[in-house]
Every structure is written in structure tokens, then in C-alpha cells.
Amino acid sequence: SPNLVMDYNAAYQVLLGNTRLRFSGFFARDYMDYSVDNLMLFFPENLFDSFAEGFVTNTTNRALGIKFNSILLPTLTLEGQIYHSGSTVDNLTYFNYSITDTVDDFTATLDYKTHIENTIYENTGKANLAWYAFWNQTVKAGVEINSIHFSNEVGRFDAAPNPNQSSTQFESGFIQDKIEVGPLQVKLGLRTSKSTTQGDWHLEPRASASLNITGGHRFKAAYGKYYQYLTTMDSKGDEFVQFLDYYQSLEDYEPLNSIHYILGLSGPLFGDVQYEMSAYYKDLQQLYRTTYSNTLSAGQRSAVIEGGSGESYGFEILLKGTVGRLSGWLGYNYSRGFRSYPSILDGRRSLFDADQPHNLKSILMYKLTPDIVASSTLQITSGVPRTWETGMRMHASYDPLTNTYGSFATYITPERNNVRYPSRMVWDFGWKKKLRAGFGFNLAEYLGGVDSYMTMTIRNILFLHRNPVYYFYIPEYGYYALDGEFLPSISFGYSLEF
């Protein structure tokens with residue numbers, strides 16, 4: 001089936017007196033029609049006399065804007081930006097499976113479909129003024145206005161489009177003062193924001209400090225209150241693949257809000273190697289969830305969005321630098337996340353859907369010769385938690401006017417996120433060589449380039465290691481795991497510098 005993935009970027013910059021203008025634009029268009037049917041050759045034929053599973057997705061993203069930076073006085077600058085951005089997604093996920101019972105002579109058929117259509121576009125204008133004042137102070141003040149339009153529809157298959165449309169506007173302003181006194185740097189700020197459909201202003205105090213310690217070490221601390229006026233639909237349990245978030249406004253609800261605390265320490269370790277350590281805690285005081293199933297079954301919007309709360313915490317250790325010919329970084333992250341909603345386990349706390357406690361990443365480069373560099377990218381992460389369902393509840397509807405009947409299932413389980421996928425391991429190799437002759441060198445010379453390089457990337461070295469991203473149930477077989485990449489891939493290319 002045809003697949004299309006493309007994007008275009010353009011930018012132009014000009015200096016007019018003391019003002020620098022930058023015009024930029026972006027457009028991306030993706031179409032993917034993916035079917036699992038071709039993989040059925042690995043299974044016994046009698047299990048898949050009638051089977052279809054996959055997705056069809058259409059996405060479009062665009063952005064267009066102007067950014068300016070002006071020097072009004074030697075101690076006063078003005079920055080601003082005006083831009084338009086938009087996103088449209090049409091995603092269909094399907095699962096069809098038939099089993100024929102030759103003994104009792106009947107056929108059982110499962111036919112599940114998920115269809116989500118979402119459009120969001122935004123017009124934004126913002127500006128901030130910076131004053132480089134006495135006593136090493138930098139005082140900033142700014143304003144921002146966002147006008148956003150939403151169009152959402154779920155579960156439409158053969159009917160004419162009838163989306164749920166809404167619009168809203170966000171307004172915000174801030175003031176910040178950065179003070180430097182010897183080894184100490186302090187930032188104090190206050191942001192205020194509101195949604196015009198809601199009407200109330202919300203204050204967001206923020207503060208951070210950093211202290212330089214003997215030996216080149218630095219201690220950091222930060223605190224902040226944050227508000228957010230948009231939420232997204234959770235469709236991970238209903239779609240084969242979720243490519244984009246499906247946004248909607250919280251115009252009738254208290255905005256999402258959270259409080260963040262961060263501590264950090266950084267500095268030299270040995271030679272040209274440095275370390276960074278940080279720990280954080282987030283008190284997620286107001287959260288919301290909206291699901292595909294709720295949206296289908298609820299007759300009004302108030303039944304679609306459910307409020308809740310949560311928390312997350314963790315720490316990170318990062319080493320970066322150069323040892324001889326070897327350079328790069330190695331990082332380890334430990335994090336936990338929890339959520340609580342009244343309709344889930346009577347409000348008891350459960351694991352966040354994206355909870356992955358352990359995450360090890362590294363990017364290393366080794367200079368074989370002055371012209372050749374080999375690289376390695378490694379990532380090992382804990383698997384995400386999933387709910388292992390123990391039952392199913394059917395929802396049905398009948399339309400007497402058209403004499404049609406429809407139904408869909410929601411899963412029943414006494415626990416939430418009670419199992420975890422196996423850990424994921426991804427390892428890629430790279431190769432970069434500076435060219436002294438040949439096609440790439442001649443092309444760079446013809447185009448007026450400075451240098452040219454040949455690059456090679458080998459992806460998915462550990463393709464024999466199971467990295468499941470999706471499971472589906474096969475009667476008489478059990479749960480079968482699918483990976484996103486089945487075989488290694490090799491890519492070559494040229495990189496030109498001008």
C-alpha cells in the first residue's frame with residue numbers, strides 16, 4: 001500500500017537597522033497504511049482464515065511565523081513573535097477476526113474499529129522586554145495571546161462528518177528579575193494566565209537559584225507553579241498506534257495545575273569529564289482523563305472528561321566529556337509516576353501508563369583517524385505497564401430509523417497496570433568519514449561547500465531481542481507480541497557543510 005512521509009522547512013533572516021527579522025515556515029504531510037496481515041505466514045494457517053489488523057493514518061502539520069529582535073537602547077531589548085500553527089489527524093485502527101466452528105456449524109466474528117479525527121490550529125502573538133539594569137540585574141516583562149480552535153470527532157465510519165467544534169483564547173503575562181551577587185544567581189518570577197472562556201486569572205510564582213562552589217561545582221534549586229488549559233485524549237488502549245495527541249480545551253473546568261521542585265549538582269569529575277545530578281518531585285494537583293470509549297458512550301461533554309490527581313518523582317545522573325579518542329555521554333534516569341481517578345479502583349492510586357522506572361542511555365563517538373569517526377547509540381529502558389484484562393463488557397446501541405445495530409467492548413479488570421512489558425533495548429552504530437575525493441567531494445566543491453562527509457547508520461542491531469510494543473490475543477495460541485522493527489536497517493548518505 002502507498003505510504004508517504006515528507007516535510008518542508010524554509011527560513012529567511014534579514015537585518016533592518018537595529019532589528020533582526022526571521023521568517024520561517026514548516027509543512028509536513030504523512031500518510032501510512034499499515035497491515036499486520038502479511039505477518040500471518042509465521043502462524044498456522046487454520047488460525048487465520050479471516051484476519052485483518054492494522055491502521056490507516058492521515059496527518060498534516062504546518063507552521064508559519066515571524067520573529068523579531070530589536071535593540072532599543074544599549075540596556076533595553078525587545079523580542080517578539082507572531083505565528084500560526086495547525087495540526088490535522090485522521091486515524092483509523094481496525095481488527096477483524098473470524099473463527100469457524102465446524103462441529104456446531106457457526107462462525108464467530110470480531111470486528112473492532114477505532115476512528116479519531118482531530119483538528120487544532122492556533123494564532124499566537126507574544127513579546128517581551130528585557131532591561132539590563134544596575135547591580136547585574138536583568139529584568140524581563142512580557143505578554144502572550146493565543147487564539148485556538150478545535151474540531152474533534154470519534155467513532156465516525158459511514159456517517160457524514162459532524163465534529164464537535166469549539167474555540168478559546170488564552171492570555172498571559174509575566175515579570176522576572178535575575179540577580180547576580182558573586183557566586184550566587186537568583187531568578188524570581190511571577191506569571192499570570194487565564195482562559196477567556198473561564199474568566200479567572202491564575203498566579204504562577206516561580207523561583208530558581210544557582211550557587212558556584214569551590215572547584216567548579218554548581219548547586220541548583222528551582223520551584224514553580226504551572227497551569228495548563230488543554231488536555232489530550234488517552235487512546236493508547238484503543239488504537240494500534242497513536243501518532244499524535246488529540247487536543248481539546250478545558251473551557252468549563254479548572255485548568256490543569258501542578259507544583260514542581262528540582263535540586264541539582266554539577267561540576268568536573270576528572271580530566272575532561274563532567275557530571276550532572278538532579279532530582280525532582282511533581283505534585284500534580286489537578287489532572288484530567290478522557291478516553292475513546294467514554295467519548296463514544298457519553299451523551300454530553302461533562303461525562304467525557306474526568307478529574308483526578310497524581311505525582312511523579314525521580315533522579316538523573318549524567319556523565320559527559322572526552323577521554324583520549326573517546327567522547328560522548330552516559331546517563332541513567334530513575335523515575336516513577338502515579339495517577340488517581342474516582343472511576344478507577346474507587347480512586348486508589350495506580351501506576352501511570354508511561355511509568356518506566358529505569359532508563360539508561362549513551363551516545364559514544366570514537367575517532368579512529370582524523371577523518372573517520374565511529375559512533376554508538378544505546379538505550380535500555382524498563383517496559384511500560386499495561387492492564388491485563390480478565391473480562392469484557394459489551395455496550396450496544398440500536399437505531400430504529402435505519403434499523404442498524406452497533407456494539408463495542410470495554411475491558412473489565414480488578415487492577416490497573418498490573419503487568420509490565422519486558423524491557424526495551426535499542427542499539428545503533430554509525431560511521432562518518434570526511435571525503436577527500438569521489439562523488440560527494442566533487443558535489444560539495446561544485447556547490448561551493450567547505451567539507452563533505454559520507455555517513456552510514458546501522459539500526460536495530462539487537463533485532464533478535466524481543467522489544468514488544470503491542471500485544472494481541474490469538475485463541476489457542478495466547479498473547480503474541482509485535483515489535484516496531486523486525487530486521488536491522490542500513491542507510492547511507494552524504495553531508496555537506498557550507
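Biologist: First thing: are D451 and K434 buried or exposed?
Modeller: D451 is buried, and K434 is too. Buried is under 20% relative accessible area, exposed is over 50%, and partly exposed is in between, with a 1.4 Å probe and protein chains only. This is a predicted model, where local features need pLDDT of at least 70 and side-chain atom pairs need 80 or more, while totals for chains, interfaces and linings use all residues. Residues are numbered from 1 along each chain as its sequence is written, and side-chain values use heavy atoms, without hydrogens or water.

Biologist: What does D451 form with K434?
Modeller: A salt bridge, with the closest N and O atoms 3.5 Å apart. That term means a side-chain nitrogen of Lys or Arg within 4 Å of a carboxyl oxygen of Asp or Glu. The pair links distant parts of the chain, D451 in strand β25 (451–459) and K434 in strand β24 (424–434), 17 residues apart. A strand here is a DSSP run of E, at least two residues, numbered from the N terminus.

Biologist: How many salt bridges does the whole structure have?
Modeller: The search finds 12. In general, side chains of opposite charge can pair when their charged atoms come close.

Biologist: Which residues are linked in a network of them?
Modeller: R191, E204 and R206. E204 pairs with R191, and their closest N and O atoms are 2.9 Å apart. That pair also links distant parts of the chain: E204 sits in strand β9 (202–213) and R191 in strand β8 (184–195), 13 residues apart. For the pair of R206 and E204, the closest N and O atoms are 2.7 Å apart.

Biologist: And E204, is that residue buried or exposed?
Modeller: Buried, because its relative accessibility is 0%. R191 is partly exposed at 24%, and R206 is partly exposed at 28%.

Biologist: Changing topic. Which residues form the nonpolar patch on the surface?
Modeller: L269, F270, L319, V323, L326, L330, L360, L364, Y366, L368 and W431, with about 900 Å² of accessible area together. Two or more of the residues come from each of β13 (256–270), β15 (306–323), β16 (326–340) and β18 (358–369). Patch residues have over 30% relative accessible area and no salt bridge; nonpolar side chains (Val, Leu, Ile, Met, Phe, Trp, Tyr) are joined within 5 Å, like charges within 9 Å.

Biologist: Which strand gives the largest share of the nonpolar patch?
Modeller: β18, with 4 residues. As for L269, that residue is in strand β13 and is partly exposed, with a relative accessible area of 47%.

Biologist: What else is in β18?
Modeller: T369, for one, is in β18, and is partly exposed at 34%.

Biologist: Now the second largest pocket. How much space lies in it?
Modeller: About 920 Å³. A pocket is an open set of points on a 1 Å grid where a 1.4 Å probe fits, with protein on both sides within 12 Å along at least five of seven lines; lining residues have an atom within 4 Å of a point.

Biologist: Which residues lie nearest its centre?
Modeller: L284, L287, R339, Y341 and F352, out of 38 lining residues. The elements giving two or more residues to the lining are β10 (217–228), β11 (230–232), β13, β14 (272–289) and β16. β14 gives the largest share, 7 residues. By class, the lining has 14 nonpolar, 14 polar and 10 charged residues.

Biologist: Last topic, the backbone. What is the phi of N136?
Modeller: About 55°, a positive value although N136 is not a glycine. Most residues other than glycine have a negative phi. N136 lies in the loop between β5 (106–132) and β6 (137–154), and is exposed at 53%.

Biologist: Where is N417?
Modeller: In the loop between β22 (404–412) and β23 (419–420). N417 also has a positive phi, near 50°. With 8% relative accessibility, N417 counts as buried.

Biologist: Back to N136. How far apart are the C-alpha atoms of I179 and N136?
Modeller: They are separated by 6.1 Å, and the two residues are 43 residues apart along the chain. I179 is in strand β7 (164–181) and is partly exposed at 28%.

Note on methods:
Areas by Shrake-Rupley, 256 points an atom, 1.4 Å probe, with all protein chains shown as cover. Points joined across faces, edges and corners; volume = space filled by probe spheres on them. Nonpolar A, V, L, I, M, F, W, Y, C, P; charged D, E, K, R; others polar.
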